[in-house]
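Dear colleague,

I am passing on to you the structure below, together with some notes on what turned up when I went through it. Please read them with the model open beside you.

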Amino acid sequence: MKTLETERLILRQWREGDETDVFAYASGDKVGPMAGWKPHETVQETKALLSLFRKENETWAIVLKETGRVIGSVGLHAPGRKRLPVPYDFELGYVLSESCWGRGLIPEAARAALCFAFEERNARAVAVSHFPFNLRSKRVIEKLGFRPLCRIPNSWLRYDGVLLDECVYLLTREEFFRGSESGNM
């Protein structure tokens with residue numbers, strides 16, 4: 001994937017050695033469960049995940065410039081997991097270390113990924129979703145200009161066997177550029 005840069009972040013391909021930074025946040029009790037996955041118990045779990053990320057080539061490592069450390073991920077995933085009432089080209093996904101919450105870093109990283117999707121990959125629409133209890137993610141999605149599309153009941157089987165609803169949003173190419181021009185992005 002192409003390296004992207006923002007004011008505070010570098011979005012880059014995953015590298016050997018990133019597992020140390022990722023395990024530091026993926027093993028906590030808040031980050032994974034908010035995204036629907038169980039906290040990592042071993043660095044080997046983290047290494048396996050990053051190996052998959054490298055193979056799929058859909059997810060960037062988010063590196064905080066001030067520290068040079070990986071603090072999360074942002075991805076543009078191929079459609080297919082969800083059956084939505086409208087076509088879309090990518091599904092946006094993201095995760096951030098709890099220590100970095102509340103600093104506007106995910107909207108910053110996601111805007112860069114969305115620019116890439118719409119400007120370089122000619123996407124027509126991007127979908128994103130959150131679980132009803134994940135209000136932080138809902139606020140990020142709203143800041144990015146996505147509009148509510150639908151709620152899919154019992155669509156995600158969480159690691160603990162609980163079925164969760166997903167609140168799904170959509171952002172079209174036209175909406176993205178209109179928001180960018182008006183300064184709302």
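In this predicted model, the largest nonpolar core is made up of 35 residues, and those with the most contacts inside it are Val74, Leu92, Val126 and Phe146. At least two residues of this core come from each of the strands S2 (9-12), S3 (59-64), S4 (69-77), S5 (90-96), S6 (125-130) and S8 (163-172), and likewise from each of the helices H4 (105-120) and H5 (135-143). Helix H4 gives the most to this core, with ten residues. As general background, nonpolar side chains tend to be buried together in soluble globular proteins.

Leaving aside residues up to four places away in sequence, Phe146 touches Leu92, Leu114, Val126, Ala127, Val128, Ile141, Tyr169, Leu170 and Leu171. Apart from this core lies another one, of eleven residues, which include Tyr25, Phe53, Val63 and Val70.

I then turned to the charged side chains, where a search of the whole structure finds 14 salt bridges. One of them joins the side chains of Arg54 and Glu16, with 3.1 Å from N to O. Arg54 belongs to helix H3 (residues 43-56) and Glu16 to the loop between S2 and helix H1 (19-26), so this pair ties together parts that are 38 residues apart in sequence. Arg54 counts as partly exposed, at 31% relative accessibility, whereas Glu16 counts as exposed, at 60%.

Another salt bridge is formed by Glu98 and Lys30, whose closest N and O atoms are 3.3 Å apart. Because Glu98 lies in the loop between S5 and H4, and Lys30 in the loop between H1 and helix H2 (31-35), the pair ties together parts that are 68 residues apart in sequence. Glu98 is partly exposed, with a relative accessible area of 36%, and Lys30 is partly exposed too, with 40%.

Arg124 and Asp89 also form a salt bridge, in which the closest N and O atoms are 2.8 Å apart. This pair links distant parts of the chain, since Arg124 is in the loop between H4 and S6 and Asp89 in the loop between S4 and S5, 35 residues apart. Arg124 is exposed, with a relative accessible area of 53%. Elsewhere, Lys38, Glu41 and Glu45 are linked in a network of salt bridges.

Where does Glu175 lie, and is it buried or exposed? Glu175 is found in helix H6 (residues 173-182), and at 19% relative accessibility it counts as buried, because the limit for that class is under 20%. The side chain of Glu175 is joined to that of Arg147 by a polar contact of 2.6 Å, and it also reaches the backbone nitrogen of Thr172 at 2.8 Å. Not counting residues up to four places away in sequence, Glu175 touches Arg147 and Leu170.

Lastly, a word on the cysteines: the count of disulfides comes to zero. The closest cysteine sulfur to that of Cys167 is in Cys150, at 9.1 Å, which is too far for a bond, because a disulfide would need the two sulfur atoms within 2.5 Å. Cys167 counts as buried, at 13% relative accessibility, and Cys100 is buried as well, with a relative accessible area of 4%.

With best wishes

How values were computed
Residues numbered from 1 in each chain as written. Predicted model: local features only at pLDDT ≥ 70, side-chain atom pairs only at ≥ 80, totals over all residues. Heavy atoms only, no water. Core = buried A, V, L, I, M, F, W, Y, C linked by side-chain atoms within 4.5 Å. Buried < 20%, exposed > 50% of the residue type's maximum accessible area, 1.4 Å probe, protein only. Helix = DSSP H or I, 4+ residues; strand = E, 2+ residues; numbered from the N terminus. Contact = heavy atoms within 4.5 Å. Salt bridge = Lys/Arg side-chain N within 4 Å of Asp/Glu carboxyl O. Polar contact = N/O pair within 3.5 Å; in protein donor to acceptor, adjacent residues only side chain to side chain.
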